[in-house]
Amino acid sequence: MNLQALSLRSFRNYGEAELKFDPGVNLVVGDNAQGKTNLLEAVSYLGCGKSFRAQRVSEMVRFGADFAEIQGTVFSQEREQTLRFLLFSGSRPRQIFRNGVRKKSAEEIAGVLPTVLFCPEDLMVLKTGAAQRRRFGDSALCQLRPNYDAALTEYNRILEQKNRILKDHFENPAVLEILPEYNTRLCQVGALLISYRARFYEGMGKAAARFHGQFSGGAEDFRLEYKTVSTVKDPFAPVNLLTQQLMEHLDRHYRAELETAQCLTGPHKDDFTVSLSGVDLKIYGSQGQTRTAAISLKLAQRELMGREWGEEPVLLLDDVLSELDPGRQDFVLNQIASGQVFITCCEPGRFTKLGKTIEIHKGSVV
């Protein structure tokens, strides 16, 4: 799978641009604020119909223009295909085309150009609280396993209803009569989430460890550990046993939940940790180590998606080279040899042996 060509019109700071890409590494260089990240945003949007930066479609339309156009030629699913988006500056809904045929939603282009993105904000996944890491894992798992997506949606719905019961019981104690039913269902669905997550993080951890070992030249031992509720001793256990263990955990927190009027424990509090040679990265990792570990997780996610779909997603790496030592920079530029990769870089004179270098200046290709 690869993006062969891209056409932009009035997208962000691009007026008119025509680009052709290498099936290997595409290094996008230029000073700050020239349009490098905008190019990656266009590639990502072409694949999924979502922006990793904009809250509204109109933000991506060049100032003063009525609409923006993104069009790409993709070799995917063993044939050449085209994708096209028209984005409007006002309230008019966007238009989506696949192979010249208009589509109703982005779901109808899913799988044509899947991408995996790393941007500087992803560094915070390993440095901040558990919620960021849960979102990272849930996002990847929902793409890989539609059944997980459905289970997560149901779990969050039940959790919201349970919290409402806990808040209402002070004024209406009778609502507690239905609480056991919600607890049972919450544990049943929660056990499914734990089962999915345990297997996902096991695969993610093994793949990321291999990539990180290549990054560091074998100097650092990468380990990912999945953490769930304390009563679950083995997250790989049968789902019915996990359900019982979650029920036990809820029973222990029953009084505390009544007093605080919120569900205090469960898979919605899950987390994972990353350590390098036994040292917790969140607490002691340097910027370079954190960046390397985060990129390794993205490479692992891409590998798992490639195994599942039979085609490796396009990898988008925004500003990954800063704060990496020369050896790790070389790995990013010249050792990630599988699939198509886009890398942005501010350093002039950079090049890659595995593909081509594209220089961007004020929204134009030099």
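The axes of helix 2 (residues 130-144) and helix 8 (residues 287-309) come within 10 Å and cross at roughly 15°. The model is predicted. Angles under 35 degrees count as roughly parallel, and helix 2 and helix 8 are therefore roughly parallel to each other. Their crossing is right-handed.

On the helix 2 side, the contact is made by Phe-136, Ala-140, Gln-143 and Leu-144. Their partners in helix 8 are Leu-297, Lys-298, Gln-301, Leu-304, Met-305, Glu-308 and Trp-309. Sorted by class, this contact has seven nonpolar, two polar and two charged residues.

Helix 8 also packs against helix 4 (residues 179-215), with axes that come within 8 Å and cross at roughly 125°. That angle makes helix 4 oblique to helix 8. The crossing of helix 4 and helix 8 is right-handed.

Helix 4 contributes Phe-200, Gly-203, Met-204, Ala-207, Ala-208, Arg-210, Phe-211, His-212 and Phe-215 to this contact. In helix 8, the residues they meet include Gln-289, Thr-292, Ala-293, Ile-295, Ser-296 and Leu-299, as well as Ala-300 and Glu-303. By class, the contact of helix 4 with helix 8 has 12 nonpolar, six polar and two charged residues.

Leu-297, Gln-301 and Leu-304 of helix 8 meet residues of helix 2, and these three also meet residues of helix 4.

The axis values for the two pairs are set out here.

| Helix pair | Axes come within | Crossing angle |
|---|---|---|
| helix 2 and helix 8 | 10 Å | roughly 15° |
| helix 4 and helix 8 | 8 Å | roughly 125° |

Technical notes: Residues are numbered from 1 along each chain as its sequence is written. This is a predicted model: local features need pLDDT of at least 70, side-chain atom pairs count only at pLDDT 80 or more; totals for chains, interfaces and linings use all residues. Side-chain values use heavy atoms; hydrogens and water are left out. Axes are lines fitted to C-alpha atoms, for helices over the stretch in contact, and angles run from 0 to 180 degrees between N-to-C directions. Helices (H or I, at least four residues) and strands (E, at least two) are DSSP runs, numbered from the N terminus. Angles under 35 degrees count as roughly parallel, over 145 as roughly antiparallel, 65 to 115 as roughly perpendicular and the rest as oblique. A crossing is left-handed if the near helix is turned anticlockwise from the far one by less than a right angle, and right-handed if clockwise. Contact means heavy atoms within 4.5 Å. Ala, Val, Leu, Ile, Met, Phe, Trp, Tyr, Cys and Pro count as nonpolar, Asp, Glu, Lys and Arg as charged, and the others, Gly among them, as polar.
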